[in-house]
Amino acid sequence: MSVPFLYALVGIGLFCLGFYALIVHNHLLRKILAINVMGSGVFLVLVALARRGGETPPDPVPHAMVITGIVVAVSATALALGLMLKVKAATGRAALPDQSRD
Amino acid sequence: MQTVLSEIPWALVLILLPLAGGIACFVLTAAVRWLGLLTASLVPIAAGGLGWQLSREGVYRHAVGGWGAPLGIDLHADGLSLLMLAMTAFVGFGVSLYATGYFKSAHAARFWPLWLLLLGALNALFLSGDLFNLYVTLELVGLSAVALTALQGGRDALTGAMRYLLATLLGSLAYLLGVALLYHGYGTVDLALLSERVAPSPVVWAVLGLMSAGLILKTALFPLYFWLPPAHASAPAPVSAVLSALVVKASFYILLRLWLEIFSDISVDVAGLFGLLGAGAVLWGSLQALRQTRVKLLVAYSTVAQIGYLFLAYPLASGMGATAWSAMAYLVFSHALAKAAMFLAAGNLRQFGDHDRIADLDRVVQRLPLTAGAFALAGVSIMGLPPSGGFNGKWLLLQAALAQGRWDLVGVMFLGGLLAVGYVFKVLSNTFTQAPVTHEPISVPARMQWAAMLLATSAILVGFLASPFLALVGMGDPFNVGELWP
């Protein structure tokens with residue numbers, strides 16, 4: 001197994017781990033962190049698969065995508081954290097209420 | 001004159017104009033309403049310009065910065081893009097007219113920049129020709145939509161927005177992982193190039209699963225609709241209208257494009273699955289709508305049901321592509337108009353009585369006739385009664401199902417129609433009567449009533465324009481069926 005492929009597998013693993021955490025945890029900060037772990041997993045897949053094997057230099061396009069993706073992730077995280085503080089101020093808990101009453 | 005008009009890059013105007021307007025609104029908070037309304041009324045002109053350009057010169061392609069695919073970003077517009085852009089421009093204008101009356105100064109200064117940025121992001125999304133640009137614009141749409149949902153604060157709106165944000169981020173990440181795998185497999189993210197290169201393989205199967213799951217979550221197709229009703233029902237009225245009419249269509253559009261360009265040749269079974277989920281959405285969403293006791297929640301669940309109809313076109317398209325996709329185009333367009341009108345009317349009802357409990361609606365028809373009329377006309381299109389855009393769409397869909405002997409889908413459509421009659425009349429019948437607890441009416445500005453009426457009337461009128469409508473949508477043959485026809 002080549003090293004880039006191993007990294008890509010780790011990326012997929014992070015994605016799944018983040019997904020699991022997003023579902024099982026109640027606290028919003030944990031959910032936001034879980035989303036970020038998932039994002040890092042996707043970025044790792046992009047970076048790892050840019051390596052085309054052998055002596056050829058890596059493909060720059062996925063790297064450019066990762067840069068853009070990080071910008072998006074930072075803005076999304078900022079919005080999520082701001083919203084979490086508002087939710088905490090409004091409901092007293094940094095968690096989503098149970099929806100089963102609907 | 002004609003040469004000057006055809007020299008203007010209308011597609012770029014469609015993206016840059018709302019962006020510039022949004023930034024201007026952010027800076028010049030004193031004139032925010034008029035700046036916003038001016039921008040929103042120029043956007044339909046630009047969309048018209050693009051349509052005129054397309055009808056003269058055929059499919060539009062623009063290599064941003066002169067780079068070109070596969071390295072650069074390409075903008076691309078055909079009949080399907082034009083359909084979505086025209087829908088956005090028109091609904092956007094109606095909602096903007098409404099919002100000038102709805103928001104008081106403190107909220108207006110926050111609403112307009114965000115709304116114009118959302119408008120710009122939607123236009124950019126519908127003009128994107130490559131998967132990664134679609135991801136970026138999808139995130140722009142999602143983030144501005146979440147911020148708009150949380151605009152007025154309050155417990156329900158904030159938790160609804162938070163749930164919406166988590167769902168939308170999860171959906172985008174699944175989509176992005178799909179993009180990464182596709183790029184690895186085929187060395188490009190350009191849709192046109194991918195459609196030539198993609199062949200069935202395990203990687204493509206994984207990509208199809210990831211992207212479909214992510215986009216279905218963002219489109220709120222049954223059973224992944226859990227985030228939609230709280231977000232759409234607790235947002236301010238103009239925002240609810242935009243979310244239901246336009247934002248869910250953005251991810252639906254991406255899924256449709258992917259399907260048409262890449263996946264339709266690879267799997268027919270998945271179309272069957274989409275149809276099954278669509279049927280589930282029609283029945284479950286309509287039943288839930290019927291159970292609601294508040295106007296806005298009822299309208300939000302109706303969106304869940306109407307999204308289902310869009311997915312019924314997938315299994316029917318394999319045998320009768322032209323009819324099924326014509327139906328889908330009609331349903332997308334008329335649902336946007338009718339649902340925006342319904343949410344705006346619901347906003348009027350709420351302002352008028354300071355509540356939106358269906359049972360306590362008090363003599364609305366006598367005292368707010370325009371709003372009640374708008375709700376009824378929009379209801380006609382949602383129920384699929386003739387003459388309306390909704391009727392044309394559902395009629396075509398029914399034709400495709402009958403011709404292929406899909407009696408199960410025919411049954412779903414009939415039941416869905418009956419349930420829709422039930423939930424629309426649940427509201428309408430209460431507008432005629434006097435409530436047990438009467439209240440003094442709170443005045444609703446005339447332009448808020450006329451904006452709802454304008455959109456509802458358009459949903460009816462579009463039903464009369466079948467052949468020019470389908471000719472416009474079919475430009476550049478986005479559905480690979482030759483000509484669309486009724």
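Helices (H or I, at least four residues) and strands (E, at least two) are DSSP runs, numbered from the N terminus. The model is predicted: local features need pLDDT of at least 70, side-chain atom pairs count only at pLDDT 80 or more, and totals for chains, interfaces and linings use all residues. Residues are numbered from 1 along each chain as its sequence is written, while chains are lettered from A and ligands numbered from 1 in the order in which they are written.

**Stop 1: chain A**

Select chain A. Its secondary structure comes to 3 helices and 0 strands. From the N terminus the order is α-α-α. The C-alpha atoms of chain A fill a box of roughly 55 × 25 × 20 Å along the principal axes. Of the 102 residues of chain A, 31% count as buried. A residue is buried if 20 or more other C-beta atoms lie within 10 Å of its own, exposed if 12 or fewer, and partly exposed in between, with C-beta atoms placed from the backbone.

**Stop 2: where A meets B**

Now show both chains. Here 30 residues of chain A are in contact with 26 residues of chain B. Two residues are in contact if their C-beta atoms, placed from the backbone, lie within 7 Å. On the side of chain A that touches chain B, select α1 (3-24), α2 (28-49) and α3 (60-91), which each give two or more residues. Of these, α3(A) gives the most, with 16 residues. By class, this side of chain A has 22 nonpolar, 6 polar and 2 charged residues. Ala, Val, Leu, Ile, Met, Phe, Trp, Tyr, Cys and Pro count as nonpolar, Asp, Glu, Lys and Arg as charged, and the others, Gly among them, as polar.

**Stop 3: helix α18 of chain B**

Move to chain B. Select helix α17 (residues 389-403) and helix α18 (residues 407-432). They pack at an angle of about 155 degrees, with their axes 8 Å apart. Axes are lines fitted to C-alpha atoms, for helices over the stretch in contact, and angles run from 0 to 180 degrees between N-to-C directions. So α17(B) and α18(B) are roughly antiparallel (angles over 145 degrees count as this). Look for Leu397(B) of α17(B) and Met413(B) of α18(B), among the residues that make the contact.

α13(B) and α18(B) pack at about 160 degrees, with axes 11 Å apart. That makes α13(B) roughly antiparallel to α18(B) too. Residues that meet here include Ala305(B) in α13(B) and Tyr423(B) in α18(B).

**Stop 4**

Most residues other than glycine have a negative phi, and most peptide bonds are trans. Go to Pro223(B), in the loop between α9 (202-219) and α10 (228-234) of chain B. The peptide bond from Phe222(B) to Pro223(B) is cis, with omega near 0 degrees. In the loop between α9 and α10 of chain B, also pick Ala220(B). Ala220(B) has a positive phi of about 65 degrees, although it is not a glycine. Is Ala220(B) buried or exposed? Ala220(B) is buried, with 30 other C-beta atoms within 10 Å.

Finish at Asp354(B), in the loop between α14 (321-353) and α15 (364-367) of chain B. Its phi is near 60 degrees, a positive value in a residue other than glycine. Asp354(B) counts as exposed, with 10 C-beta neighbours inside 10 Å.

Conventions
Angles under 35 degrees count as roughly parallel, over 145 as roughly antiparallel, 65 to 115 as roughly perpendicular and the rest as oblique.
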